Amino acid sequence: PEFTLAVSWAPTDRRAVRDLCALVAKRLPATAGTRHISLVTENGVELPAGHCVCACVREGADLIAKSVARPPSQPAPAAAAKAAEDLEPYLKAADKAYGARQLARAKTIYTELLGVSPRLFTALLRLGLIEEQAGRHEEACHWLQRAVREDPASEEAAVALARSHLAAGEGEE
């Protein structure tokens, strides 16, 4: 069953996604049983449980709560390495589309990659750059902030984030 649950989360609130999931779980109808709740964006990207809600989601964005029978298990290092290998052809296809300026195609592939691997730096960075090039600076900031969190040493991500903040009018104060 689907239902809407309005949840207010102040931008200064530093609680993690898991806290919002727990809040949603408490408000589920009793018929839903005890299940694990995860939150995904409208694009299908799952929010990491340990990340700050306000750092993952821009204000006013809709989230979808997904209920699963049990919490997802953490992949073993070997399984994670295998998963990265499995994603490589798709990442190459996305990079090729991006390089050829087929930005809609690249955006689609990068978004799908994040559905499988939500912390994939290259996908986060490129989605931010695509949004920046399209003049959607608030969306660019969303992706670039996530990219900077994944790789704080990336000058490219940091500079692009600063540019997007300025273009969005957020850096004038």
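H5 passes H6 in a left-handed crossing, where left-handed means that the near helix is turned anticlockwise from the far one by less than a right angle, and right-handed would mean clockwise. The two helices pack at an angle of about 155°, and their axes are 8 Å apart. An axis here is a line fitted to C-alpha atoms, for helices over the stretch in contact, and the angle runs from 0 to 180 degrees between N-to-C directions. That makes H5 roughly antiparallel to H6, a label for angles over 145 degrees; under 35 counts as roughly parallel, 65 to 115 as roughly perpendicular, and the rest as oblique.

Which residues of H5 and H6 make the contact? On the H5 side they include Phe121, Leu124, Leu125 and Gly128, and on the H6 side they include Ala140, Trp143, Leu144, Arg146 and Glu150. Contact means heavy atoms within 4.5 Å.

Before I go on, this is a predicted model, in which local features need pLDDT of at least 70 and side-chain atom pairs count only at pLDDT 80 or more, while totals for chains, interfaces and linings use all residues. Residues are numbered from 1 along each chain as its sequence is written, and side-chain values use heavy atoms, with hydrogens and water left out.

Now the chain as a whole. It has seven helices and two strands, in the order α-β-α-β-α-α-α-α-α along the sequence. Helices (H or I, at least four residues) and strands (E, at least two) are DSSP runs, numbered from the N terminus. Of the 173 residues, 32% are buried. Buried means under 20% relative accessible area, exposed means over 50%, and partly exposed lies in between, with a 1.4 Å probe and protein chains only. Among contacts with a separation of 6 or more, 55% are between residues 24 or more positions apart.

On confidence, the chain averages a pLDDT of 76, and 61% of the residues score at least 70. pLDDT is the predictor's confidence in each residue, from 0 to 100.

Next, salt bridges. How many does the structure hold? There are five, each defined as a side-chain nitrogen of Lys or Arg within 4 Å of a carboxyl oxygen of Asp or Glu. I will go through three of them.

One joins Arg126 and Asp95, with the closest N and O atoms 3.0 Å apart. Arg126 is in helix H5, residues 121-133, and Asp95 is in helix H3, residues 77-99, so this pair ties together parts that are 31 residues apart in sequence. Arg126 is partly exposed at 22% relative accessibility, and Asp95 is partly exposed at 27%.

Another is between Glu131 and Lys107, at 2.7 Å from N to O. Glu131 is in H5 and Lys107 is in helix H4, residues 103-116, so parts 24 residues apart in sequence are tied together. Is Glu131 buried or exposed? Glu131 is buried, at 4%, whereas Lys107 is partly exposed at 29%. Lys107 and Glu131 are also linked with Arg136 in a network of salt bridges.

Arg119 sits in the loop between H4 and H5, and Glu150 is in helix H6, residues 137-150, so the pair ties together parts that are 31 residues apart in sequence. Arg119 is exposed at 51%, and Glu150 is partly exposed at 22%.

Last, a few single residues. Arg146 is in helix H6 and is buried, with a relative accessible area of 5%. Its C-alpha atom is 9.2 Å from that of Gly128, a residue 18 positions away along the chain.

Ser164 is in helix H7, residues 155-167, and is buried at 0% relative accessibility. What does Ser164 contact, leaving aside neighbours within four places in sequence? The partners are Glu132, His137, Ala140, Cys141 and Leu144.

Arg101 lies in the loop between H3 and H4 and is exposed at 55%. Phi of Arg101 is near 65°, a positive value in a residue other than glycine.
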